[in-house]
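User: I have a structure open that I'd like to go through with you. Could you take a look and help me read it?

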Amino acid sequence: MLRVTQLRLRLLSSRACFTARGHRLFVLGGSSMPAQLSLRDVSVSRGDRLLLDGVSLSVRPGERIGVVGENGAGKSTLLRLLAGLERPADGTVVTSAGGGIGHLGQTPALPMDSTVAQVIDAALADLRAMEGRLRELEAGLDAAGAEALAEYGEVLTAFEARGGYEADARVDKALHGLGVAHIARERRLGSLSGGEQARLGLACLLAAAPEVMLLDEPTNHLDAAALTWLEDSLRAHSGTVVAVSHDRVFLERVATAVIEVDADRRTLVRYGGGYAGYVAGRAAARGRWEQAYARWCAETQALVEAAATTARDVAVGRAIKDGNKMAYDRNGGRVQSSVSSRVRNAHERLRRLREEPVPRPPDPLRFAARPEAGAAEGELVTLEGIRVGDRLTVDALTVRAGGRLLVHGPNGAGKTTLLRLMAGAAHPDTGTVRRRGRIGYLAQEIPVDRPAERLADAFRRGLPGDAEEQRELLLSYGLFRERDLHVPVGSLSVGQRRRLGLARLLARPADLLLLDEPTNHLALGLVEELEQALAAWPGAVVIVSHDRALSRRFAGDRCEIRDGRTLITPAGPGA
């Protein structure tokens, strides 16, 4: 045993020197640091829909990348490409991770007939195999030759780099941190809830500690304590992390850079500086777009005016001198030729500009308040003596004009039920609900009652004005493109249906907005715009949300639903 210990120390010393040399080379490389994950001219399609079109991407060792974008843009596909689980139609994907790559999908592919213990062992299979090989080699080290010693050193180096000796302790720590330590190891996965399965899969991946972690919406199903634990764990990870997420606080705390999957252009846009850099980068891009549109408009208008006035401004009808009509006509011909050339050039430039117009940037989102004077005064919704089965009890709750209320609580507490009662979409078993004024309601799930109805028709249903006016109104929000307007509602993605519900809410004046998880399924740029619109809106609003960033910024009263009862906390001074 002493011989083994001495040999380990000698190998560790040798490995430290090797690592130090490699580390110095790594740092001196600076911006030329080799990519650990890369895509080169990659294109991917789903059926007849092109998701990514000739994109390239490099991720350097140790980076923590947040991946954002709309539902269906290709975020999960990007992770699967990097994990080697899918192949691109064109281009190449290159990965370099001697410490392994771990991929966790939104729905972990775990065998339902396996036990929790078996799933943990499977996740640690590489480490278990390495440890077993170390034991085999140690048994013959006294008579080992150079080749066996070299192999032992390589296996030991890899095992310790992966934290192999702490693997079982990491399992216990991860299970506890993610709130699943109470689950017995002999339990079958089929007996666990979907949330428990997701948290178990995440715990196993974190315990395995692969060099590269590819995580698809890892914050789903986690409470506040588990979220904080996960964020701290990923920040402490010495390897590379690429995580798809809509959680802004998670991105703020974890991401060193953000990659946006742009569904419109079917490309990837990288922003440095973490989530703050992403927000600033999008704002700067918006500014550049507005400037480009202003330049396009100004140049187009100038060319139109030039083409119309050039002939009038050049050679404005001089009188004939010395009666020399021939010279006058000759000079006039040269003037006319010059005028014609300028007009032709102006028309040609104008044609090219109009063939490739700069689209008008969409207007900032704004909710429409009721225009009638005094329409939004006093109590808008009052609940008294409400009982809904054994799920929800509301003794008294009032929302007044201009009031702001954030409703929070665990899943299943009754938050959506409370909002449906306020909106008139549900009725209590006992008690009364009084409403006045116009109420705008955004449900958590947008139903599809008429799947064959075109998007434009679904938007304008019930709105005053003709179809063209409503079409222009819908496009002005920037939520949809021209080509989307004729798509049947039944063919829209979850995120697109969410945007349709938001558009209908924007178009209808209201006194009170009731919003159930308004940030769900929306791209993060749109979420930021939505929050700005709500902050500027003078009417009353009640929001149900798990969004930590929204909750942190919310200025108003708070309603916690605990054990089926509502507990109101008034806004503090200055809120």
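User: What is the mean pLDDT of the chain?
Analyst: This is a predicted model, and the mean pLDDT of its chain is 83, with 87% of the residues reaching 70 or more.

User: And what about residues 1-32, how does the pLDDT look there?
Analyst: Over residues 1-32 the pLDDT is below 50, and this stretch has 21 contacts in the model beyond near neighbours in sequence.

User: OK, on to the inside. Which residues have the most contacts in the largest nonpolar core?
Analyst: That core has 53 residues, and those with the most contacts inside it are L124, L178, L200, L202, L206, L215 and L234. Helix 7, which covers residues 194-208, gives the most to this core, contributing 8 residues.

User: What is L206 in contact with, leaving aside its neighbours within four places in sequence?
Analyst: On that basis L206 contacts R170, L178, M213, W229, L230 and L234, and of these L178 and L234 are also listed among the core residues with the most contacts. Another core, of 37 residues, lies apart from this one, and L406, L492, L506 and L515 are among its members.

User: Switching to strands: what is the order in the open sheet of 6 strands?
Analyst: The order is 5-6-7-3-8-9, and the pairing is mixed. From one strand to the next the twist averages 15°.

User: Which strands stand at the edges?
Analyst: Strand 5 (101-104) and strand 9 (267-272) do, and each has a single partner strand, so one side of each is left without a neighbour in the sheet.

User: How many bridges join strand 3 to strand 8?
Analyst: There are 5 bridges between strand 3 (residues 64-69) and strand 8 (residues 257-262), and the two strands run parallel. Within this pairing, V68 stands opposite E260 of strand 8.

User: Which strands does helix 7 touch when it packs on the sheet?
Analyst: Helix 7 touches strand 5 and strand 6 (212-216), and its direction makes about 170° with that of strand 5.

User: Is A209 buried or exposed?
Analyst: A209 has a relative accessibility of 16%, which is under the 20% cut-off, and it therefore counts as buried.

User: And D563, buried or exposed?
Analyst: D563 has 78% relative accessibility and so counts as exposed. D563 is placed in the loop between strand 17 (557-562) and strand 18 (565-569), and its phi, near 55°, is likewise a positive value in a residue other than glycine.

User: Back to helices. At what angle do helix 4 and helix 5 pack?
Analyst: Helix 4 (residues 125-139) and helix 5 (residues 146-161) pack at about 145°, with their axes 10 Å apart, and their crossing is left-handed. On the helix 4 side the contact includes L127, M130 and L134, while on the helix 5 side it includes Y152, V155 and F159.

Key
Residues numbered from 1 in each chain as written. Predicted model: local features only at pLDDT ≥ 70, side-chain atom pairs only at ≥ 80, totals over all residues. Heavy atoms only, no water. pLDDT = per-residue confidence, 0-100. Contact = heavy atoms within 4.5 Å. Core = buried A, V, L, I, M, F, W, Y, C linked by side-chain atoms within 4.5 Å. Buried < 20%, exposed > 50% of the residue type's maximum accessible area, 1.4 Å probe, protein only. Helix = DSSP H or I, 4+ residues; strand = E, 2+ residues; numbered from the N terminus. Pairing = 2+ DSSP bridges. Axes fitted to C-alpha atoms, helices over the stretch in contact; angles between N-to-C directions. Left-handed = near helix turned anticlockwise from the far one by under 90°.
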